[in-house]
Amino acid sequence: MQIIYNTLTRQKEAFTPIEPGKVSLYACGPTVYDYFHIGNARTFTVFDMVTRWFTTTGYDVNYVRNITDVDDKIIERANENTEPIEFLTQRMTAAMFEDADRLKLLRPNHSPRATHHIEHMLAMIKTLEDKGYAYRSANGDVYYSVRQFEGYGKLSKKNIDDLQAGERVAIDSHKRDPLDFALWKAAKPTEPAWQSIFGGGRPGWHIECSAMCKAVLGETIDIHGGGWDLQFPHHENEIAQSEAANGKPFANVWMHAAFLNFDSEKMSKSLGNFFTLREVLNKLDPVQGGETVRFFLMRAHYRSEINYNWETLEDARQSLLGFYVALKDVAPADLKIDWTNGYAKRFREAMEDDFNTPIAFATLHDLRGEVNRSKSPEMAGLLRALGGTIGLLQETPEAFLQGGSSPGKDSLDVDALIVARNAAKKAKDFARSDAIRNQLDEAGIVLEDKPGGVTEWRRK
Ligand code: AMP
Ligand code: ZN
């Protein structure tokens, strides 16, 4: 039985899907004005892990991660670059998929783009207006009237009066209440605009997700997710819009991934303390990079904050090397998981307990010890298969241990040097054979002499 911590109830609950055997999952995706950073990557990896795990345990998952391709930041950046908005968003969307592939994130079943769903947003805004939840203001904006929605604050546990006390009414505001938020923003000369019954304009951010979620998955979904920061106001506003418009619960379970921090502060574009996933991966070996970052992001529980630094990333890489060294000498047997096996059982229990990856990883470590001791092809197969349920240990050991093109390897012809070293050894020219070994060692390459005169190599 799958247990999930539901932000809505602040409790762990047994997961009951709306339709037996199926999971509808909507996770808020990136705003495509720049490359995404490793903090965003954390949240995306969490929902990738959730999708993979549900699939492993027999669910048919419909996983949606949207693309926000119209928003203030996009407009600002395109204006700075003096390029059309579509040029920027198309380039960044392509880059987003490229980076996501390098991180071995599954492609979502659907990646709806906001600009392809304007009609759905307008229809929802109209329904909200008809039901008395939305009003037009004198300047052409349309606002959501927060006080009309009884359950406002139920996700973030905020009290509407406390919220109001913290707000200042801006002099030029067209809102009836400072808590109200824009559903439709009246057209401005420097901004993209669509024609509508409300006049020319563009959608607010929150209505994008409510409308796309309904269009792709329906009115009530199993799980809605995103990063911790989205609880308020974004997800609170999504609930207010969707439940008021549809007259039904919006999402049964809300899951939020904790922050990835840098120097104990949330990594974010606005603080400027960010590293794009792309630059992190470019610093790592091309074969090792994807799994190394995944390992680093998933070994902490998804509700615990993590700190990004190069040392912990290198530590993750070293752990993975250890796994691949264990797998190298044993040809793994059948990759089908025997869930009655003790390791498999412990791994599954951990994952079913609100995706407890730290315990799942500890189980993999113990299983690795078992593979090292027993050299059992069954245990090696199980290790690979369990790792595979969360997208790890899927490279061949040779490929992972040797890495792809990286400076040390490119500038040295490792295989030729091994041949030369072995020839020197045979000729009893040990000074030369040692010199070659040292040269390789300095380049970060370890040699292992195997029986039968075979020499294997791997990266440190
Ligand atoms: P954005 O492109 O900023 O809208 O963010 C896309 C997703 O990444 C959202 O689900 C955010 O909550 C999440 N996110 C942003 N920054 C971080 C961070 N430092 N750690 C974890 N998740 C984040
Ligand atoms: Zn959203």
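1. K428 sits in the loop between helix 16 (414-426) and helix 17 (430-442). Helices here are DSSP runs of H or I with at least four residues, strands are DSSP runs of E with at least two, and both are numbered from the N terminus. K428 has a positive phi of about 60° although it is not a glycine. Its relative accessible area is 63%, so K428 counts as exposed. Buried means under 20% relative accessible area, exposed means over 50%, and partly exposed lies in between (1.4 Å probe, protein chains only).

2. On the source: this is a predicted model, in which local features need pLDDT of at least 70 and side-chain atom pairs count only at pLDDT 80 or more, while totals for chains, interfaces and linings use all residues. Residues are numbered from 1 along each chain as its sequence is written, chains are lettered from A and ligands numbered from 1 in the order in which they are written, and side-chain values use heavy atoms, with hydrogens and water left out.

3. S264 also has a positive phi of about 60° and is not a glycine. The loop that holds S264 runs between strand 11 (260-262) and strand 12 (265-266). With a relative accessible area of 64%, S264 is exposed.

4. Which peptide bond is cis? The bond from F232 to P233 is cis, with omega near 0°. P233 is placed in the loop between strand 9 (221-227) and helix 7 (234-246).

5. Which residues coordinate the zinc ion (ligand 2)? The donors are C28 (SG), C209 (SG), H234 (NE2) and E238 (OE), at 2.1 to 2.8 Å. Donors are N, O and S atoms within 2.8 Å of the metal (3.2 Å for Na, K and Ca); water is not among the atoms, so sites may look incomplete. Along the sequence, the donor residues follow the spacing C-x180-C-x24-H-x3-E. C28 lies in the loop between strand 3 (22-27) and helix 1 (38-56), and C209 lies in helix 6 (residues 205-217), so the pair ties together parts that are 181 residues apart in sequence.

6. Why is the arrangement around the zinc ion (ligand 2) irregular? It is irregular because the four donor atoms subtend angles of 70 to 130°. Four donors count as tetrahedral if all angles lie between 85 and 135 degrees; four count as square planar and six as octahedral if opposite donors are over 155 degrees apart and all others between 65 and 115; anything else is irregular.

7. I85 belongs to helix 3 (residues 85-102) and is buried, with a relative accessible area of 16%. Leaving aside residues up to four places away in sequence, I85 touches D69, I74, I75, A78 and P192. A contact means heavy atoms within 4.5 Å.

8. L440 lies in helix 17 and is buried, at 0% relative accessibility. Its contacts, not counting residues up to four places away in sequence, are L412, V414, L417, I418, I445 and L447. The C-alpha atoms of L440 and W457 are separated by 9.6 Å, and the two residues are 17 apart along the chain.

9. Two asparagines in loops can be taken together. N356 is in the loop between helix 11 (342-352) and helix 12 (357-374), and at 16% relative accessibility N356 is buried. N356 touches H301, A350 and M351, again not counting residues up to four places away in sequence. N309 lies in the loop between strand 13 (306-307) and helix 10 (310-328) and is partly exposed, with a relative accessible area of 24%. N309 and N261 are 48 residues apart in sequence and 9.3 Å apart in space, C-alpha to C-alpha.

10. Finally, the chain as a whole. There are 17 helices and 15 strands, and the C-alpha trace spans about 90 × 55 × 35 Å along its principal axes. Of the 460 residues, 54% count as buried. Among contacts in the chain with a separation of 6 or more, 73% join residues 24 or more positions apart.
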